[in-house]
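Okay, thanks for coming, everyone.

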Amino acid sequence: MKQKPIQIGGIIWTLAYASLIVWIYATEPRSFKDVATNTKVAAGIYEINQDKFNNALTLFHRDEFRAARDEWARADPAQSDPRTQFYIAYAFYREGWGRVYHDDALFKEGLTAVNLAINLNPNGTLVIDDPNLQMHTAAELKAELEQGTERSWKDLNPLKLFRQRK
Amino acid sequence: MTHYAERNRALLHFIVLPTILLTAGLLGGLRIDAQTRQFVFIAPPLVTLVLAILLGSLFVRAGAIDLRRWLSIEQPTVTNLSQLLTLIALFFATAQAFNSVLPESGLLHWMFSFFFLWTLWTNQFSNFNPQRLLKSIIVLFGTAFVLKHMLVSALYAPDGGWLRTIASTLLQGIAIDVPAVAPATGYISFFALTLYVAGLLLMAPVPMQLDKSSGNELAVRTEVLPESSEE
């Protein structure tokens, strides 16, 4: 039967094409550039833009948190690098931190970012070895952000005015 | 000559047809955001799956697809698997064709869905042959396309002219939520529907390797695949 190779080829092609379509709908790329990025992530060859990451780090150290986050977002468009997501969360924390009260909206965005960083890390424990930071693990940062969004009687403690930003 | 014809028929049936149907499925849920010009992929809503089942039922009832010949215990497993994948692709393409012409949300989404359901449900009790069914489907999707991508989008376009003025006057106080999509969406939808109809034209009531009857009912199909393959 001469059709058999064509049939088998058709089955393989149909399954592959259908999988591609399901993958496109699952990842919801917003442009052809996103398609390329998602393809790199799926193929395991995705890398962040190191120059942009370093630029963002410089901005972060100058306390320009919003600019730093924007630059990190451009460095990691697929949101697939746990280290970058950790720094984004840290930028939310530092910008949202206040001696009297914290900015809940920024802390919540920080929580989202740190949760993403934790989920992206295959080992489970994300440790960032940066001497400029006072929290080096995603777990510490997450706990700090969660405490910042919770309401308790401790919020009325006047001694909290002396606390330090990490 | 016969050898090439047989091979081309096989290519058409086992590779080109599923590709056309799947491409229709891919494009059926694609919109372009009016402001950001970014892709928006809309998975088929549940109602489109119901509509696809109703239309699938019509295909079977009208004889456009002879399920007993498409999937048969007497055929090789590979053949059955291949035919099954084509039928699944047809179902997916049908759902996405409906998705393509349904407004995304709001009152119009439910109005369009209701009219589709009503039409397909009443058609279940009509006498159809494959040719009439195909014409009916083309008219159904053509009308919905014109309504959604030409009339409704013109009514709610930012620079919508007199049509918009009339609509806003007539429908004052009625919230009709129509998401803003770029004009390119209409072109994509048109292309998706064209592919879908082309897929239907290529779809035989009886698949090629079992097609031993010369009296194939679907006229267009007999033009595309004039002879049955002899195994």
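This is a predicted model: local features need pLDDT of at least 70, side-chain atom pairs count only at pLDDT 80 or more; totals for chains, interfaces and linings use all residues.

Residues are numbered from 1 along each chain as its sequence is written, and chains are lettered from A and ligands numbered from 1 in the order in which they are written.

Let's start with where the chains meet. On chain A, 21 residues are in contact with 24 residues of chain B; contact here is C-beta atoms, placed from the backbone, within 7 Å. The chain A side of that meeting place has 11 nonpolar, 6 polar and 4 charged residues. For the bookkeeping, nonpolar is Ala, Val, Leu, Ile, Met, Phe, Trp, Tyr, Cys and Pro, charged is Asp, Glu, Lys and Arg, and polar is the others, Gly among them.

Chain A itself is split into domain 1 (3-43) and domain 2 (50-162), with bounds that come from an automatic or database domain assignment. Their C-alpha centres are 35 Å apart.

Now chain B. It has 9 helices and 2 strands, where helices (H or I, at least four residues) and strands (E, at least two) are DSSP runs numbered from the N terminus. Reading from the N terminus, the order is α-β-β-α-α-α-α-α-α-α-α. Of the 231 residues in chain B, 37% are buried. By buried I mean 20 or more other C-beta atoms within 10 Å of a residue's own; exposed is 12 or fewer, and partly exposed is in between, with C-beta atoms placed from the backbone. Take the contacts in chain B between residues at least 6 apart in sequence: 74% of them join residues at least 24 apart.

So what's in the middle? A nonpolar core is a set of buried Ala, Val, Leu, Ile, Met, Phe, Trp, Tyr and Cys residues joined through C-beta atoms within 7 Å. The largest one has 46 residues, and those touching the most other members include B:Leu21, B:Phe98 and B:Tyr196. Among the elements giving two or more residues to this core are α1 (3-27) of chain A and α4 (77-101) of chain B. α4(B) gives the largest share, 10 residues. Leaving aside neighbours within four places in sequence, B:Phe98 touches B:Thr48, B:Leu51, B:Ala52 and B:Phe116. There's also a second, separate core of 26 residues, including A:Ala68, A:Ile88, A:Ala89 and A:Ile118.

On to some helices. How many of the 15 residues of α5(A) are buried? The count is 12, so to speak a mostly covered helix. The buried ones include A:Phe86, A:Ile88 and A:Ala89. Among the elements covering the buried residues of α5(A) are α3 (50-61), α4 (65-75) and α7 (138-149) of chain A. The ends of α5(A) are 21 Å apart, C-alpha to C-alpha, which agrees with the 21 Å its 15 residues should span at 1.5 Å a residue; the expected span is 1.5 Å times one less than the number of residues.

Next, α7(A). It has 12 residues and reaches 17 Å from its first C-alpha to its last, close to the 16 Å expected. Its buried residues are A:Ala138, A:Leu141, A:Lys142, A:Glu144, A:Leu145 and A:Gly148. Seen down the axis of α7(A), they fall within an arc of 165°, so they line one face of the helix; the arc is that of the directions from the helix axis to the C-beta atoms. If you're wondering about the spacing, an α-helix has 3.6 residues a turn, so residues three or four places apart point the same way. The buried residues of α7(A) pack against α5 and α6 of chain A.

Over in chain B, the buried residues of α8(B) include B:Ile188, B:Ala192 and B:Tyr196.

Last stop, the loops. A:Gln79 sits in the loop between α4 and α5 of chain A, and it has a positive phi of about 50° although it is not a glycine. A:Gln79 counts as partly exposed because it has 17 C-beta neighbours inside 10 Å. B:Arg37, in the loop between β1 (30-32) and β2 (39-41) of chain B, also isn't a glycine and has a positive phi, near 60°. Is B:Arg37 buried or exposed? With 11 C-beta neighbours inside 10 Å, B:Arg37 counts as exposed.

How values were computed. Two residues are in contact if their C-beta atoms, placed from the backbone, lie within 7 Å.
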